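Biologist: I have a structure to learn from. Could we go through it by question and answer?

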Amino acid sequence: MLFPQLAALVLSLSLLPLSHTAETVLGVYMFHRHGDRTPKSTPPANLTALGYSQVYTSGQYYRKRYIAANAALKINGINTDIVKQSQIAVSAPSDVVLQNSAQAFLQGLYPPVGSALGTQTLRNGTNVTAPLNGYQLIPVALVTSGSGSEDNGWLQDASNCAIAETSSNNYFSSAEYQATLAATNDFYKSIAPVVNRTFTDSRISYKNAYIIYDLLHVAEIHNATIQSADLLTPETLFQLQTRADQHEWALAYNASDNMRAIGGMTLAAEVVDFLNETITSQGKNKINVQFGAYASFLSFFGLAGLPAVNPDFYGVTDYASAMTFELFTNGPAAPFPAASDLQVRFLFHNGTTNATNEPVAYPLFGQSNLAIPWNDFVTGMSKFSVGTTEQWCTACGNTTGICAPFPQTPSSGSDGSARSKQGSGMTNAVAGVIGAFVTLAVILGIQALILLLGGLKVVNKRMLAHPVMQRESVELGKM
């Protein structure tokens, strides 16, 4: 933790109740973790009844904060009871745990409205009322960025970002990893009797720190009996969580090679894009909620400098955690304020949010102020955000699929920081791709000349069998 006295002072100030007397919230972006689930080591993972309750409770809290008629920080102009679809955007990866968590959250955010939806009379005289006491249907869009399936041992494997996967895998050859692996060998062997029905002896080590912790964390919540439970002392459980936090942090963020934080980079761009849409639409786009997994939280925490404020940001976020970005003004909301009159506040709560466990505001980018002028917020986020497909393809060194139309260039992101740099500023992967394209161009040119001189013609062979391209997965993704 950097400058501990200053950080402690900043944190103590952030914990003070915020004064919102003259504020008007214009837009909100929220990134939310799923609720309690079954363990990753016994796929498929599923949302539990407890998990459903956690995210539903969170939805109820944020309804009272932003949407209800008497909301503490009611979003300007948002519909209170019956949802207006154009005002809200909700998304989650194609994963049952995350999709179901999003739906549960929305049930708390916009609960059933009974007969308020009205009764329709058909031509034949039949009266039809809305089922489920006026249950409100809010679409949840599928997203491919940020975080993947909860069945993955390591969520980076689902990012499809080649350089990010390579960056994460580099941790397994680092001195830190090798030292920790050796130092914790006896500790992990000591808990083998607790987990040997799920993991073989060769897998019970720091290498699998998170999924071992995850299995026991779920068991501690749900299992009435645990084999060799006497080995799970408070000290042992603390060590398991601490090592899991260390392991996942190292895979999600590295200050000298920030490409492994691709989840946080894309999230940063999505936050800015939505809040900017709130501005350009004159406040019509009001709230965006994206459900994702802990990896994107950790990546963003590292990129935004949050561990320097509170060392707890190094840890894996609890179930149903949420971070929120509030766009607000201290002046009148009509006419819609100029960008110079807008500010952004970042809030986070670890675990289920409710009336007694509310989100706390923290300063971003190493600043001391909790509220950041909009233009400064955009500048800070742009230092590491990756927002367009072309930027993402270049940063990741990807050249197939959606990346095929984009030539590889030495820069990515808004300032070129979102890449692993070599001496010339070009990644080895990108340099290799460019070299391959140059070679391919020469070969194709020669082939074209032969075809032209020989009077030959090209035959379309789309219907012929073709080899399947395979992508090497992240090491933990193979577990």
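Biologist: How many helices and how many strands does the protein chain have?
Modeller: First, note that this is a predicted model. The chain has 479 residues, and 49% of them count as buried. Its secondary structure comes to 14 helices and 10 strands.

Biologist: Which phenylalanines does F325 touch?
Modeller: Leave out residues up to four places away in sequence. The partners of F325 then include G27, V28, Y29, V271 and L275. Also among them are the phenylalanines F300, F346 and F377.

Biologist: What length does helix α9 reach, from its first C-alpha to its last?
Modeller: Helix α9 covers residues 234–252, which is 19 residues. At 1.5 Å a residue, the expected reach is 27 Å. The model is close to that, at 27 Å.

Biologist: Which helices are included in what covers the buried residues of α9?
Modeller: Start with what is buried in α9: T236, L240, and then A244, D245, Q246, H247, E248, W249, A250, L251 and A252. Their cover includes α4 (162–170), α5 (175–183), α6 (185–190), α8 (209–222) and α11 (294–303).

Biologist: How many residues apart in sequence are the parts tied together by C161 and C396?
Modeller: A disulfide joins C161 to C396, with S to S at 2.0 Å. C161 lies in the loop between β5 (141–142) and α4, while C396 is in helix α13 (residues 389–396), so the pair ties together parts of the chain separated by 235 residues.

Biologist: Is the disulfide of C161 and C396 left-handed or right-handed?
Modeller: Look at the torsion about the S-S bond. For C161 and C396 it is about -105°, so this disulfide is left-handed.

Biologist: What is the pairing of the bonded cysteines, numbered in sequence order?
Modeller: The whole structure holds two disulfides. One joins C161 to C396. The other is formed by C393 and C403, with sulfur atoms 2.0 Å apart. In sequence order, the pairing is 1-3, 2-4.

Biologist: Is I221 buried or partly exposed?
Modeller: I221 is found in helix α8. Buried means under 20% relative accessible area. I221 has 39% relative accessibility, so it counts as partly exposed.

Biologist: What is the distance in space between I221 and L50, C-alpha to C-alpha?
Modeller: Leaving aside neighbours within four places in sequence, I221 is in contact with D36, L50 and Y319. I221 and L50 are 171 residues apart in sequence. In space, C-alpha to C-alpha, they are separated by 9.7 Å.

Notes: Residues numbered from 1 in each chain as written. Predicted model: local features only at pLDDT ≥ 70, side-chain atom pairs only at ≥ 80, totals over all residues. Heavy atoms only, no water. Helix = DSSP H or I, 4+ residues; strand = E, 2+ residues; numbered from the N terminus. Expected span 1.5 Å × (residues − 1). Buried < 20%, exposed > 50% of the residue type's maximum accessible area, 1.4 Å probe, protein only. Contact = heavy atoms within 4.5 Å. Disulfide = S-S within 2.5 Å.
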